[in-house]
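Colleague: Hi! Could you walk me through this one? I'm new to reading structures.
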Amino acid sequence: MELIKKQTHIDFMGKFKAAMVFSGLLILTGIASIAMHGGLKYGIDFEGGTLVQLKFPEAPAIDSIRSGLREIGFADSTIQEFGSPEHILIRVIRAEGKLEAMGTKIKNALEEKKGFTGIIIERVEMVGPKVGKDLRMKALLSIVYAIIGIVIYISWRFELQYAIAAIIALLHDVMVTMGAFSVMDKEFTLVIVAAFLTIIGYSLNDTIVVFDRIRENTRRKSKESLSDTINTSINQTLSRTLLTSGTTLLVVVALFFLGGEIIHDFSFALLVGVVIGTYSSIFIASVFLVYWESRAHPKRPA
Amino acid sequence: MHKELRWKIPLILFVVVGFSWLAWPLEEKINLGLDLQGGVHLVLEVEAEEAVEFSMEQRKEDIKHALGDDDIEVDRVILNKDTNVIRVILVDAIDIKGAEDVLKNYTALEKKETLRGGLEMVYQLRDDEYEYIMDNAIQQALEVIRNRIDIVGLSEPTIQVQGTRRILVQFPGVDDPEKIIKLIGETARLEFKLIDESISAAAAKTRGVPPGSEILIEKVKDKAGKIIEEIPHVVKKRVLLTGDMLTGADVRFDNQLNEPYVAINFDSLGGSIFFEVTKNNVKKRLAIVLDDNVVSAPVINEPIAGGRASITGGFTTEDAKFLAIKLRAGALPAKLTMLENRTVGPSLGRDSVEAGINSIIIGMVAVVVFILIYYRLSGVVAVGALVLNLVILLGALAYFGASLTLPGIAGIILTVGMAIDANVLVFERIREEIRVGKTVRAAIDAGFAKAFRTIVDANVTTFIAAIVLFQFGTGPIKGFAITLCIGIAASMFTAVFVSRATFDTFMSRKKIERLSI
């Protein structure tokens, strides 16, 4: 079987304006959403706080939980269903420095004051504000380090402008995914940073396959304009790009639907990242490569 | 037969058998992370300054009494907790020589200056002593936590110092993790102090607490352990005896009161101090203070010899049991602050494992079906490489003793999706070569050769990201990074080396005109 029967000759470079507009819109939507939400929405990993996941024998009334929490002074908590109505996730803004059994405290309050029975504490996560700040810094640094490491490697294997184009593509991917997170009102946690680093790796993987072909073709047919070479290269690698994205998407979709609630956001990030990463390695990275090359070698027709 | 195959095939077989042996049986060889088996991950900070403060407070009270014992009239002894300075103010400068002699016994302090013509002496805690108390507090806290966990009998705990003053505690699933967390974290400083009988608590509240005394609360509980009353007591600050001098603590049951109590044994020094204290204070009330709360304040009826005492205080059986454990394991030298707590209950862990395995299976089946339809016979080679990839991944996880976490499972799934990429790169290249009219043999050679560089470049970048992730990540995320790293390395081996060898083996058997790809 073949996805793409013959060698395609799609004019990708000719569509770059449309791609720029499309990407621009995506990124602007993301930025607008982040601005409207008053910044990124951090999870307890980065902001500090306590998360308590409870399992009720049957779906509880959220209002009743809320008033129970108010009675023990946690009026400002957020309460949400987690995957199914029996699973409730409570986020208490305040992180207790004291060694207090927050889960037990909430469970007892709900059982004694609101008449719930058989509540199971499934998960408690507490991060102090100090640690949250540390982690935020560490997460940011890790993304910066990853990018630096990758620039060095690509500059060494290819040339600097390839590295810059690749970085622009991956920043594009990270920004779009961040925007999607903000639009969907999802929280940033440590695990999401892990997903971002994976997206960075994946996006580059795709980009490099295309770049590799461009490099190979530039050596062979130097008469052709760079823009044409890039177009040919993208077409030649198109079936591979789609295939790999396809198989990766298959598993990520499996993870998204079957992996359970806890890594749901993680798989959501990967889902968006894989689709965007594929798109950007075709449309974004190459365009910037042409742009840089035409500036570096103005005589060559771009 | 192809010459290189003579060593390639045995090597591949060795890898298959070796990694299978490492990984099987899975249940025994693969450690599950705390998020999958349920468990507790705690980061605690030792408030070591408190240990310094506490020891200074002790010294201050000791000095006051030591000077009194030598008939030196003292106006005041003042402790500045921020600078760790103790000021001794005498009534008459004539006593300065005698006072200095007394203070020479306190080697941790050094004399800074004498003020007001010998009326006031300034002593400060020496820097090396400060460091020593701080370091000691961390080590002691570590020791006490270890003792407490040992006594409770938790299996496979991890207890280690992180950085300078943080302690990491991890242990796998227990029924009520929050109870254990409390047990680990409570200071359990047991002190015996006299009740100040010169004034009632109510009077002290309005007229002020006499110097050298303070108000401490007794929380009276009902049978269910609920606090029903809070009684204030005026207690002298001077500590007569502490829980440091205990040799044992056990839960007993008082049949008359129908409630459990904790029986304690002092060591010989503690026993004789206790005897002295009780002998000198008959008919007075002795407050038993635990972490600045009065547990009970019985009247001393007669001197108690033999070094045994009991602590009653309306305990539930569990309270008494935990108090006994804490007293046996010793007090923490300072308060602990919880910086991070990640607790996963066992049922959630099981659900996660199930969900993870389901998504691996479904994802894997989907990829396999797709690849078989797409590449037909060559697809079988790719699927073989994929399965081997998984075997290597699991074997390596087992070998490194790395824990499989929920993000780690995601890493495996991702590896399945991405590992196929290397094969796809090669196969697409082979198809291209066939399309331009090369023979099967030449197309395979060219396909592998040309794809190799791409595969390396594309994977190294992901590898860099994974390494950074490993450096930065904690617990579960490290697990993800490890699986990703191993997966990438394994996929390069299987796709490039194993697939190649498989093709070569087929090619060497007979001349193939058309490749099923």
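Colleague: Let's begin with chain B. How many helices and strands are there in chain B?
Modeller: Chain B has 14 helices and 19 strands. Helices here are DSSP runs of H or I with at least four residues, strands are runs of E with at least two, and both are numbered from the N terminus. Keep in mind that this is a predicted model: local features need pLDDT of at least 70, side-chain atom pairs count only at pLDDT 80 or more, and totals for chains, interfaces and linings use all residues. Residues are numbered from 1 along each chain as its sequence is written, while chains are lettered from A and ligands numbered from 1 in the order in which they are written.

Colleague: Thanks! And what pattern does chain A follow along the sequence?
Modeller: It reads α-α-β-α-β-β-α-β-α-α-α-α-α, which comes to nine helices and four strands in chain A.

Colleague: What radius of gyration does chain B have, next to a compact globule?
Modeller: Chain B has 35 Å, whereas a compact globule of 517 residues would be near 24 Å. The radius is taken over C-alpha atoms, and the globule rule is 2.2 Å times the number of residues to the power 0.38. The C-alpha atoms of chain B fill a box of roughly 110 × 60 × 40 Å along the principal axes.

Colleague: New topic: sheets. What is the strand order in the open sheet of six strands in chain B?
Modeller: The order is 11-10-16-15-9-12, with mixed pairing. Two strands count as paired if DSSP finds at least two bridges between them. Strand 11 (227-236) and strand 12 (241-242) of chain B are the edge strands, each pairing on one side only.

Colleague: In which sense do strand 10 and strand 16 of chain B pair?
Modeller: They pair in the parallel sense, over two bridges. Within that pairing, Ile217(B) stands opposite Asn293(B).

Colleague: Is Asp292(B) buried or exposed?
Modeller: Asp292(B) is exposed, with 12 other C-beta atoms within 10 Å. Asp291(B) has 15 and is partly exposed. The cut-offs are 20 or more other C-beta atoms within 10 Å for buried, 12 or fewer for exposed, and partly exposed in between, with C-beta atoms placed from the backbone. In chain B, 44% of the 517 residues count as buried.

Colleague: Where is the cis peptide bond?
Modeller: It joins Trp24(B) and Pro25(B), with omega about -10°. Pro25(B) sits in the loop between helix 1 (5-23) and helix 2 (26-29) of chain B.

Colleague: Last topic! How many residues from chain B and chain A does the contact take?
Modeller: The contact takes 60 from chain B and 55 from chain A. Two residues are in contact if their C-beta atoms, placed from the backbone, lie within 7 Å. Helix 11 of chain B gives the most to the side of chain B that touches chain A, with 15 residues.

Colleague: And which strands of the two chains pair?
Modeller: Strand 4 (residues 120-127) of chain A and strand 18 of chain B pair in the antiparallel sense over five bridges. There, Met126(A) stands opposite Asn341(B).
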